[in-house]
2 protein chains.
Amino acid sequence: MAATRTPRSSWIDAGLRALAAGGPDAVRIEPLAQALGVSKGGFYWHFDNRGALLEEMLDAWERISIEEAIAQVEQEGGDGRTRLRRLFALASARGDLLRIDLAVRDWARRDPAVAARLRRVDNRRADYLRALFGDFCADEGDVEARSLLVGALWIGNHFMAADHGARSRADVLELALRRLLA
Amino acid sequence: MAATRTPRSSWIDAGLRALAAGGPDAVRIEPLAQALGVSKGGFYWHFDNRGALLEEMLDAWERISIEEAIAQVEQEGGDGRTRLRRLFALASARGDLLRIDLAVRDWARRDPAVAARLRRVDNRRADYLRALFGDFCADEGDVEARSLLVGALWIGNHFMAADHGARSRADVLELALRRLLA
DNA sequence: CTCCATCCATACGGTGCCGTATGGAATGAG
DNA sequence: CTCATTCCATACGGCACCGTATGGATGGAG
């Protein structure tokens, strides 16, 4: 075992940054190498090709996303409502993860393999949401509808650009969230 | 005036198709020409460069989106609730327009000029939503929250991949929509 | 110190696309 | 028919990136 100057993880991290900034088409080897201050020589020692990097980027994203959800579960408690609030706040706080998440979601619309990964992650998150809503909602259909609505609110918020007069987007978001937690 | 074998609109339409299928990076001149069965020779007669095509594509999208909204308004009537239902159904029906819309939304996250256009379109749509919800909602904050929620539901739905057990996505969507129209 | 695994620089050929130049084909006006 | 306008084919130079090949550099194991 010798040293590891620019390990795999460096390439994956840089790739995820590029993905967040410009989508999958922006993940190019030579610019990545330049951003890391090296030449692309080492890249092809770590990875077979560009596709292999994309795969491992998605692996990392999937793992992080699930760990993240588990970390939410194991957070200090509270009832369903307060935990939902904390979840929503934390999900918006990690801006870097959020941007990766949004990029992957758009990517999934074009690539079935990515869509399958997204499905796994979203099913995990949906399970968690169902559990939290189930804490204070009796009807199962209601739980399902509210889970979809908070998910859509969280995602859709970042894909809409409308103004709200005197109110800020955060204000309206708060109003909407309050509706869903009623 | 001579003939117009492959007019501007052909290039714009083809560009919008490519945009819907693969995002802005997928709008390349030479593949577009091949798809149209011509060489790229004519393209550079119509347009200065690739950027000019992207601009005109966005012009067309913006115009269509607003006309589309106006067409909804001038549809045969009904109260706010039924018109909201019709709006939601029609917005999902035009799959080609929907895919362009989603692509533009992701694009807007990276390009401020696109974001400005999206803002114009979304403000128009938000105005319409406000008017419809105002038909049966007294509280103004409630109107604002519901408008954001239906918008987010419509968009977010296409960026989420979760399953819902026995229920189909359409079922849950119906449940969520019913909640918002209550 | 030696040696080997690890990582990097450089150079190369290949590909796909951009934008330009130039000559020509098609089409309606007169 | 004549002719100018409109559109297209082809060829070209340039650029950015991919993936490969090859020869090192670097640093820990022994």
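Which residues in helix 4 of chain A meet which residues in helix 7 of chain A?

Reply: This is a predicted model, in which local features need pLDDT of at least 70 and side-chain atom pairs count only at pLDDT 80 or more, while totals for chains, interfaces and linings use all residues. Residues are numbered from 1 along each chain as its sequence is written, and chains are lettered from A and ligands numbered from 1 in the order in which they are written.

From helix 4 of chain A, the residues that take part are A:Leu58, A:Glu62, A:Ser65, A:Ile66, A:Ala69 and A:Val73. They meet A:Val114, A:Arg117, A:Arg120, A:Val121, A:Arg124, A:Arg125 and A:Tyr128 of helix 7 of chain A. Contact here requires C-beta atoms, placed from the backbone, to lie within 7 Å; helices are DSSP runs (H or I, at least four residues), numbered from the N terminus. By class, this contact comprises 7 nonpolar, 1 polar and 5 charged residues. Ala, Val, Leu, Ile, Met, Phe, Trp, Tyr, Cys and Pro count as nonpolar, Asp, Glu, Lys and Arg as charged, and the others, Gly among them, as polar.

As to geometry, helix 4 (residues 50-73) and helix 7 (residues 112-134) of chain A have axes 10 Å apart and pack at an angle of about 0°. Axes are lines fitted to C-alpha atoms, for helices over the stretch in contact, and angles run from 0 to 180 degrees between N-to-C directions. The two helices of chain A are therefore roughly parallel to each other, a term for angles under 35 degrees.

In chain B, the axes of helix 4 and helix 7 come within 10 Å and cross at roughly 0°, which makes these two helices of chain B roughly parallel as well. Among the residues making that contact are B:Glu62 of helix 4 and B:Arg124 of helix 7.

The relation between the chains is as follows. Chain B is superposed on chain A by a rotation of 180° with 0.0 Å of shift along its axis (RMSD 0.0 Å), using least squares on the C-alpha atoms of residues with pLDDT of at least 70 in both. The two copies are thus related as by a two-fold rotation axis. B:Gly156 comes closest to that axis of the residues of chain B, at 2.2 Å (C-alpha).

Between the chains, 37 residues of chain B are in contact with 37 residues of chain A. Helix 7 of chain B is among the elements that give two or more residues to this side of chain B, whereas helix 8 of chain B gives the most, with 10 residues.

How values were computed: Contact = placed C-beta atoms within 7 Å. Parallel < 35°, antiparallel > 145°, perpendicular 65-115°, else oblique.
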